[in-house]
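Trainee: I have a structure open and I'd like to learn how to read it. Could we go through it together?

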Amino acid sequence: MQINLKSFLSFLFILIAFCSKAQQVDKKSLLDNIEYLSSDDFKGRKTGSPENLKARNFIVEKFKSIGLETHYLQFQQKFSFESRRSNDRLDGANVVGFVAGSESRKLIVITAHFDHVGVGSPIDGDSIFNGADDNASGTAALIALAEYFKKNRPKHSMIFAALDGEEMGLQGARALVRDFPFPLETIELNINMDMISRNNQGELYASGTYQNPDLKPILEKASSGLTPTLVFGHDLPDTGRDDWSKSSDHGAFLEKGVPHIYFGVEDHPDYHKPSDEFKNIQPDFYYEAVNLILKCTLALDRDLLKE
């Protein structure tokens, strides 16, 4: 049987393009969600506020519409804690969804915190800390990844946890590991996303390979030739603020001996300021960063089975 080379190459090109597109999240939905969560309507999503509850309910409805399962009533893992500043008792809640894996009983837990710091003193007439990058960006990405893996079943089971109380000392993450629906030993990896929507150098960090060096070759291969550039670091002990090992929710998993990879960018001038608004994110960088995280997650899901 003769094969027309031109037709074969055309078919191969279409197949490659289709596969590449298939490993992408929905850009419009991603940007719509980050814009909505970082709007003034949410008044900075501070834990315990009515607007934080509004954000929580929005995520619950997203998880329901995606069709995720859950181990908690109405997807919400509720907890309380004492504020370090006021000594008041505060209530928070994580939103937790689940997708069953096809080959492994081990879990990959994907996390991003949805709370921010709320409303402060007026600065240039703006007192709302919208937290677009910190961390509406990670929350919208979490929703996008949940939607992807619901449609494209992973090998490992996956938990998608939108965490509350991060800005008050990783409270939601610590509550999750205290009341985890499976033995902690079944967690293969925590993938945490916090501040992923902008970087002038076109870089996205993957922190945690110092503690987990076996993960670095997987991430290097998965990210090769892609944008943004995946950079490793910010995980060396005794380097002070340059060490991100406990700077976000992955810290609660690290404390329990659970391997982690933390995706994030370095601080920018709008960090923890009212100017951290949707208009200041970089939409193309953000979309590409989430697709890069998706490709890394797919590679980890595949290659960790071989160990």
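Mentor: A salt bridge here is a side-chain nitrogen of Lys or Arg within 4 Å of a carboxyl oxygen of Asp or Glu. Before going on, note that this is a predicted model, where local features need pLDDT of at least 70 and side-chain atom pairs count only at pLDDT 80 or more, while totals for chains, interfaces and linings use all residues. Residues are numbered from 1 along each chain as its sequence is written, and side-chain values use heavy atoms, with hydrogens and water left out.

Trainee: What is the idea behind such a pair, and which residue does Lys 155 meet in a salt bridge?

Mentor: Side chains of opposite charge can pair when their charged atoms come close. Here Lys 155 meets Glu 103, at 3.1 Å from N to O. The two sit in distant parts of the chain, 52 residues apart: Lys 155 is in the loop between H4 and E6, and Glu 103 is in the loop between E2 and strand E3 (107-113). Those H and E labels are DSSP runs numbered from the N terminus, with helices (H or I) of at least four residues and strands (E) of at least two.

Trainee: Is Glu 103 buried or exposed?

Mentor: Glu 103 is exposed, because its relative accessible area is 52%. Buried means under 20% relative accessible area, exposed means over 50%, and partly exposed is in between (1.4 Å probe, protein chains only). Lys 155, at 26%, counts as partly exposed.

Trainee: Which residue forms a salt bridge with Arg 198?

Mentor: That's Asp 270, with the closest N and O atoms 2.7 Å apart. Arg 198 lies in the loop between strand E7 (187-193) and strand E8 (203-207) and Asp 270 in the loop between E10 and H8, so this pair ties together parts 72 residues apart in sequence. Arg 198 is buried at 12% relative accessible area, and Asp 270 is buried at 13%. Asp 303 is buried, at 14%, whereas Arg 302 is partly exposed, at 39%.

Trainee: Now helices. How many residues does helix H3 have, and what span should they give?

Mentor: The expected span is 1.5 Å times one less than the number of residues. H3 (residues 50-66) has 17 residues and should span 24 Å; its end C-alpha atoms are 25 Å apart, which agrees. Its buried residues include Ala 55, Phe 58, Ile 59 and Phe 63. Among the elements covering the buried residues of H3 are helix H2 (27-37), strand E1 (76-82) and helix H4 (132-151), where covering rests on contact, meaning heavy atoms within 4.5 Å. After H3 comes Gly 67, with a positive phi near 95°.

Trainee: How many residues of H8 are buried?

Mentor: In H8, 17 of its 21 residues are buried, so the helix is mostly covered. H8 (residues 283-303) reaches 30 Å from its first C-alpha to its last, close to the 30 Å expected.

Trainee: Which residues touch the most other members of the largest nonpolar core?

Mentor: As a rule, in soluble globular proteins, nonpolar side chains tend to be buried together. A nonpolar core is a set of buried Ala, Val, Leu, Ile, Met, Phe, Trp, Tyr and Cys residues joined through side-chain atoms within 4.5 Å. The largest one has 63 residues, and Phe 63, Ile 110, Phe 160, Ile 196, Leu 204, Phe 263 and Tyr 286 touch the most other members. H8 gives the most to this core, with 12 residues. Apart from it lies another core of 16 residues, among them Tyr 72 and Leu 107.
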